[in-house]
Every structure is written in structure tokens, then in C-alpha cells.
Amino acid sequence: MNTQVVPKPRRRQNPAAVKQNIIEVAVKEFSAHGLAGSRINVIADKTDTSKRMIYYYFGGKSELYRAAIEHAYREVLGRESDNGIDTLNPVQALEALVSIPFRNRENLECFSRIVAGENLLSGEHVTQIECFRELNEPARLLVQDIYEKGVLTGDFQPGLNPLIIRWFLNAIGTFTVFNRHTFKAASGDELDGLEGQELLREQMVKGLMAIVQR
């Protein structure tokens, strides 16, 4: 009995769509299995293209991994820039930044995992992404701008380093999203539900305001 294998449809006429499809699948694979545990053939099987085309567009697994990290950062940092935070008053703007991981926790899981995996590699690959600092610059400048406006309006005390505020925000996001499972296993799910997350969000806002306000 003859069986005919139906080939997967391929986006031959749209290289941008092919690359986008590869990257989106790669982000999920690398976030789930890390660089060492991910396989190009597995990624190819989950895309609309072939292993050969992945190598054609990206060169190899390490290059694809770096492209996936860059894409993940662009997606997450773009949300900060696109949600109108820069139009709020300084206090509201900082509260909005604190609130992002609590209100987008599920959507940030892939990002948190791929970042955690890269930190296990001591940041070896992000240092090879030429635009990585440039990619993160708008997020740094957003916090700096919010802080400087707050100093001018008298809401924030002068003399603080805005980069420390950014670090505080990143720390909140990392623990809220990536450490939720181990914390819940150790301490129960009291803070994992909607009410618990809102309580945590409110307390983190108060904590940051205690640092920056007069």
C-alpha cells in the first residue's frame, strides 16, 4: 500500500513571513528547553518551512538563539513604549511600569524563561547581539524621563540614579513571573490568585514610591 507524504506548506514568496514564523517558534523552544536542549530539526518541524531554510536565514543554532532573544526583548520592551506610559504624570507612570508584570504575567513567561536561560550562560550570547544596548536604551530613557519629570514636579526626590529604579522594576518582574512556581510550592497559592497579585502589586508600588518620593 502506497502512502503519500504531503509536504508542509512553505512561504516561499515571503521571506519576512518565513523568518518571523521561525523566530516565533524558536522563542518558544528556547524558552522551554534552553539553548543546549533545543534542536533545529524540532524547531523546523514546528514551522512552516524546513531545516535547510533555517540554516539559510540564520546560519546555525547559536545565531538563531541570539535572534530569538533579540525578538523577545523587542516584543516586551515595545509594550512599554506603546501603551502611553510617557503621557501619564510621573507617579502614574511609575505605577503603570510596576503593574506590567502583574497584569501580563502569562504573556511574559516565555520572555522570562529565555532571559533566565541566558543568565545561566552568563550572558554569553546577548553580548554578541550588536544592537542589544541600543535595543534596551528606550526602556532606560523612559524611566529616566519619568524620574526627571517627577523631580521637576516635586513628586520625586533629586539625586537618585534612574538606573536603580529600572533595576527595581526588572527585579519585580523577574520574581513575579519566573519565580512564581517555586514560591507557590514553598509558600502556598495565597498570593498567586487575582486578589493576591493585586495586593502584591499595590505593595510593590508603595515600595518603589518610598524610594523615589520625598
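Mentor: Helices are DSSP runs of H or I with at least four residues, strands are runs of E with at least two, and both are numbered from the N terminus. By that count, α8 gives the largest share of the lining of the largest pocket, with 10 residues. The model is predicted, so to speak, throughout: local features need pLDDT of at least 70 and side-chain atom pairs 80 or more, whereas totals for chains, interfaces and linings use all residues. Residues are numbered from 1 along each chain as its sequence is written, and side-chain values use heavy atoms, without hydrogens and water.

A pocket here is an open set of points on a 1 Å grid where a 1.4 Å probe fits, with protein on both sides within 12 Å along at least five of seven lines; lining residues have an atom within 4 Å of a point. The largest pocket has 35 lining residues, and Tyr73, Phe111, Asn136, Arg166 and Asn170 lie nearest its centre. Two or more lining residues come from each of α4 (61-82), α5 (90-103), α6 (109-120), α7 (132-153) and α8 (162-178).

Glutamate 95 belongs to helix α5 and arginine 201 to helix α10 (residues 194-212), so the bridge ties together parts that are 106 residues apart in sequence. Arginine 201 is buried (under 20% relative accessible area, with over 50% exposed and partly exposed in between, for a 1.4 Å probe and protein chains only), its own value being 6%. Glutamate 95 is partly exposed at 30%.

The whole structure holds 13 salt bridges. In one of them, lysine 46 pairs with glutamate 29, with the closest N and O atoms 2.6 Å apart. Lysine 46 sits in the loop between α2 (40-45) and α3 (51-58), and glutamate 29 in helix α1 (residues 15-37), 17 residues apart. Glutamate 29 is buried, at 7% relative accessible area.

Aspartate 192 bridges to arginine 180, with 3.5 Å between the closest N and O atoms. This pair spans 12 residues, from arginine 180 in helix α9 to aspartate 192 in the loop between α9 (180-187) and α10. Both residues are buried. Through shared partners, Arg180 and Asp192 belong to one network with Arg105, Glu106, Glu109, Arg113 and Lys184.

Conventions. Salt bridge = Lys/Arg side-chain N within 4 Å of Asp/Glu carboxyl O.
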